[in-house]
Amino acid sequence: MVLKLCWMDLKVPLMSLLIILLDCSSTATLKLNHPLREVIDRVNEKSGPYIGLVMAYSAEEHELQSSGIFIPNSISPWVDLSGRRFNIGSIREVNVIYVMSGQRRLNAGITVQILLDVFDIRGIVHYGTAGSANDSLSFGDVSIPKYVAFTGSWNWKKFNSEKSQLEELNFGEYDLPQKGQNLLRGLEFKTEEFYSVGEPMKQVFWLEIDPLWFSVAAQLRDFKLQQCVNVTYCLPETPKVVYGLKGSTADIFVDNAAYRKFLYKKFHVSTVDEESAAVVMTAMSSNVPCIVIRGVSDLAGGEEGKSSTSLSSLAAKNALNVAVEYIKLVGPHF
Ligand SMILES: *[C@@H]1O[C@H](CO)[C@@H](O)[C@H](O)[C@H]1NC(C)=O
Ligand SMILES: *[C@@H]1O[C@H](CO)[C@@H](O)[C@H](O)[C@H]1NC(C)=O
């Protein structure tokens with residue numbers, strides 16, 4: 001657990017500086033006169049530390065709410081901060097704070113930062129739906145990736161410029177009816193600046209999931225997932241949990257067969273989403289472990305004319321069930 005301390009300095013006559021140490025425990029970033037300070041201190045002292053459970057949007061939250069798995073705290077069931085509702089309670093007797101971040105990187109990053117700054121959090125479980133870029137992953141499968149990367153930051157290359165060292169997408173390679181040249185030229189994928197406690201800034205592309213938390217998830221490989229959407233419709237095959245693959249995040253909804261194939265070929269990416277890398281990077285910046293659990297709701301453009309919207313609730317449900325099992329496993333041990 002990270003102990004957060006507030007320092008307040010008082011100038012006294014002449015040269016000495018008296019430093020008064022104020023222990024303001026876990027609410028370091030809330031102002032002293034913040035109206036919720038006492039509530040949050042109580043939440044942290046009574047039942048902390050918590051596991052933070054983060055999902056991005058309402059369909060994913062809905063699966064949790066309708067499952068009845070989350071038991072709200074009877075005294076302080078929630079705290080609203082910056083427009084997000086932090087729900088206090090427990091899952092399978094493990095203290096949990098769950099929050100819906102809103103979609104895409106900025107919302108995910110902001111929400112996780114508030115969660116970590118204000119509450120006593122020992123780790124984050126992030127679940128949701130994803131598109132599959134890997135032909136071996138289909139609807140309802142759940143991926144627990146070992147690596148996630150942000151694949152939405154590019155240098156736009158000039159026409160006729162040389163190929164660079166970094167991975168590139170050349171638009172001309174995808175020209176129809178045949179490959180050619182293209183004034184749009186292409187994109188060169190960039191790394192991200194990663195800042196973290198006690199470390200100099202690093203350029204990173206792949207973010208590795210915390211090894212200890214990742215190893216705990218190995219126990220979920222044979223977890224039984226749901227196969228039926230409703231009483232009349234079941235998937236042709238039983239969905240599976242896949243462990244240790246790669247996921248990518250961008251502020252882009254990928255629904256394009258060519259780009260999907262490119263991501264798989266160049267980066268060996270199996271799932272695409274819009275938040276995972278932001279959640280992981282924000283947690284890693286504060287040295288807090290985080291696990292990603294994403295259920296396949298669509299094939300990111302790889303499906304043949306088939307609409308998959310009706311399958312997203314099954315994908316969210318399967319991801320949630322794996323997340324709940326993970327919380328049960330990780331809960332007592334850390
Ligand atoms: C694609 O998914 C399968 C699991 O269904 C996995 O065995 C394979 O390694 C994945 N491909 C890549 C490049 O990760
Ligand atoms: C069951 O799910 C299928 C596929 O999503 C859908 O077409 C069908 O209308 C659903 N049936 C019921 C009874 O909800």
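Student: Let's start with ligand 2. How far is its nitrogen atom from an N or O atom in the side chain of Thr 232?

Tutor: That distance is 3.4 Å. Keep in mind that we're looking at a predicted model.

Student: OK. And what about Asn 230, how far is its side chain from an oxygen atom of ligand 2?

Tutor: There, an N or O atom in the Asn 230 side chain sits 2.4 Å from the ligand's oxygen.

Student: Which residues are around ligand 2?

Tutor: You'll find Val 229, Asn 230, Thr 232, Tyr 233 and Ser 310 around it.

Student: How much of ligand 2 does the protein bury?

Tutor: The protein buries 45% of the 360 Å² that ligand 2 exposes when taken alone.

Student: How many charged residues are in that shell?

Tutor: There are no charged residues in the shell; it has two nonpolar and three polar ones.

Student: Speaking of charges, how many salt bridges does a search of the whole structure find?

Tutor: The search turns up 14. As background, side chains of opposite charge can pair when their charged atoms come close.

Student: Give me one. Which residue meets Arg 104 in a salt bridge?

Tutor: Glu 274 does, with 3.4 Å from N to O. Those two residues are 170 apart and link distant parts of the chain: Arg 104 belongs to helix H3, while Glu 274 is in the loop between E19 and helix H6.

Student: Is Glu 274 buried or exposed, and why?

Tutor: Glu 274 counts as buried because its relative accessibility is 10%, and buried means under 20%. Arg 104, at 35%, counts as partly exposed.

Student: What does Asp 141 form a salt bridge with?

Tutor: Its partner is Lys 240, and the closest N and O atoms are 2.8 Å apart. This pair also links distant parts of the chain, 99 residues apart: Asp 141 lies in the loop between E8 and strand E9, and Lys 240 in the loop between helix H4 and strand E17.

Student: And is Asp 141 buried or exposed?

Tutor: Buried, since its relative accessibility is 3%. Lys 240 is partly exposed, with a relative accessible area of 37%.

Student: What about Glu 199, which residue does it form a salt bridge with?

Tutor: With Lys 202, where the closest N and O atoms are 3.8 Å apart. Glu 199 is partly exposed at 45%, and Lys 202 is partly exposed at 38%. Elsewhere, Lys 157, Glu 168, Arg 185 and Glu 188 are joined into one network by salt bridges that share partners.

Student: Does E8 run parallel or antiparallel to strand E3?

Tutor: Parallel, with five bridges joining the two strands. One place to look is Val 54, whose bridge partner in E8 is His 126.

Student: And how many bridges are there between E8 and E20?

Tutor: Eight, again in the parallel sense.

Student: In which sense does E8 pair with E19, parallel or antiparallel?

Tutor: Antiparallel, over two bridges. Gly 131 is the residue standing opposite Val 272 in E19.

Student: Where do side chains point in a regular strand?

Tutor: As a general rule, they alternate between the two faces of the sheet.

Methods
Residues numbered from 1 in each chain as written. Chains lettered and ligands numbered in written order. Predicted model: local features only at pLDDT ≥ 70, side-chain atom pairs only at ≥ 80, totals over all residues. Heavy atoms only, no water. Pairing = 2+ DSSP bridges. Helix = DSSP H or I, 4+ residues; strand = E, 2+ residues; numbered from the N terminus. Salt bridge = Lys/Arg side-chain N within 4 Å of Asp/Glu carboxyl O. Buried < 20%, exposed > 50% of the residue type's maximum accessible area, 1.4 Å probe, protein only. Near = heavy atom within 4 Å. Polar contact = N/O pair within 3.5 Å; in protein donor to acceptor, adjacent residues only side chain to side chain. Areas by Shrake-Rupley, 256 points an atom, 1.4 Å probe, with all protein chains shown as cover. Nonpolar A, V, L, I, M, F, W, Y, C, P; charged D, E, K, R; others polar.
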